[in-house]
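Hi,

Here is the structure I promised to pass on to you. Have a look at it first, and then read on for what turned up.

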Amino acid sequence: KAELSNHVNYAAAFAQGVGAGVAAGQIPAPVAPTLIGSAAGLESPARVNGNDSGWGWNVGILWQATDQTRYGVAYRSKIKYNVRGSVNFDNPSALGVLPPTLAPVGAAVMAGVNAALASGDVKLDIEMPDTANVSAFHQFNNKWDLMADLQYTGWSTIKQLQIVRSSGSILSTTPENFR
């Protein structure tokens, strides 16, 4: 199970909608700053929920070198998940104050932004890293033992988290570039 949450800069999405309207000749350029200002500071909380199951395998060896000393080696495979779920947006329902003549234009742009930031089905494909471990154990006496291990995790398999809508369009990409 996974839940990811974020805040979308709704004001920026609204400004892009106004810009597209100006470019298409649907909104006069002189009113664009007033429209954009009416959405200043607005955000849209977003939650992505999903789940999947995956299979992997483990293998290990433990060698008893002496009665007091053991050495171990273990490996856990990568596990690929195809998480399926949904995204839910809590879009603002109103803009700031607009002159009555611009209120219908603001409402139309807001409707377009809300359509773009609509809730729906999503997927996230991710491969979790493999791990390798070496360990040692030595019993000095009946009171003192020494244990140590060294583990490698293949974090570099996680390059990015990319959430894709059921339509195939990319909802968000978060670069991770783990090492």
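Let me start with a helix pair. In H1, the residues Tyr-10, Ala-13, Phe-14, Gly-17 and Val-18 make contact with Gly-106, Val-109, Met-110, Val-113 and Asn-114 of H3. By type, the residues of this contact split into 7 nonpolar and 3 polar, with no charged ones. Please keep in mind that this is a predicted model.

As for the geometry, H1 covers residues 10-23 and H3 covers residues 103-116; their axes come within 9 Å and cross at roughly 115 degrees. The crossing of H1 and H3 is right-handed.

Next, the sheet. It is open and built from 6 strands, ordered E1-E2-E5-E6-E9-E10, with antiparallel pairing. E1 (2-8) and E10 are the edge strands; each has a single partner strand, so one side of each has no neighbour in the sheet. On average, neighbouring strands of this sheet are turned by 20 degrees against each other, direction ignored.

Within the sheet, E6 (residues 120-128) and E9 (residues 160-165) are joined in the antiparallel sense over 2 bridges. In this region Lys-123 sits opposite Val-164 of E9.

Most residues other than glycine have a negative phi. Asn-177 is not a glycine, yet its phi is positive, at about 45 degrees. Asn-177 lies in the segment that follows strand E10 (170-175). Is Asn-177 buried or exposed? Asn-177 counts as exposed, because its relative accessibility is 51% and the cut-off for exposed is over 50%.

Best wishes

Technical notes: Residues are numbered from 1 along each chain as its sequence is written. This is a predicted model: local features need pLDDT of at least 70, side-chain atom pairs count only at pLDDT 80 or more; totals for chains, interfaces and linings use all residues. Side-chain values use heavy atoms; hydrogens and water are left out. Helices (H or I, at least four residues) and strands (E, at least two) are DSSP runs, numbered from the N terminus. Buried means under 20% relative accessible area, exposed over 50%, partly exposed in between (1.4 Å probe, protein chains only). Two strands pair if DSSP finds at least two bridges between them. Axes are lines fitted to C-alpha atoms, for helices over the stretch in contact, and angles run from 0 to 180 degrees between N-to-C directions. A crossing is left-handed if the near helix is turned anticlockwise from the far one by less than a right angle, and right-handed if clockwise. Contact means heavy atoms within 4.5 Å. Ala, Val, Leu, Ile, Met, Phe, Trp, Tyr, Cys and Pro count as nonpolar, Asp, Glu, Lys and Arg as charged, and the others, Gly among them, as polar.
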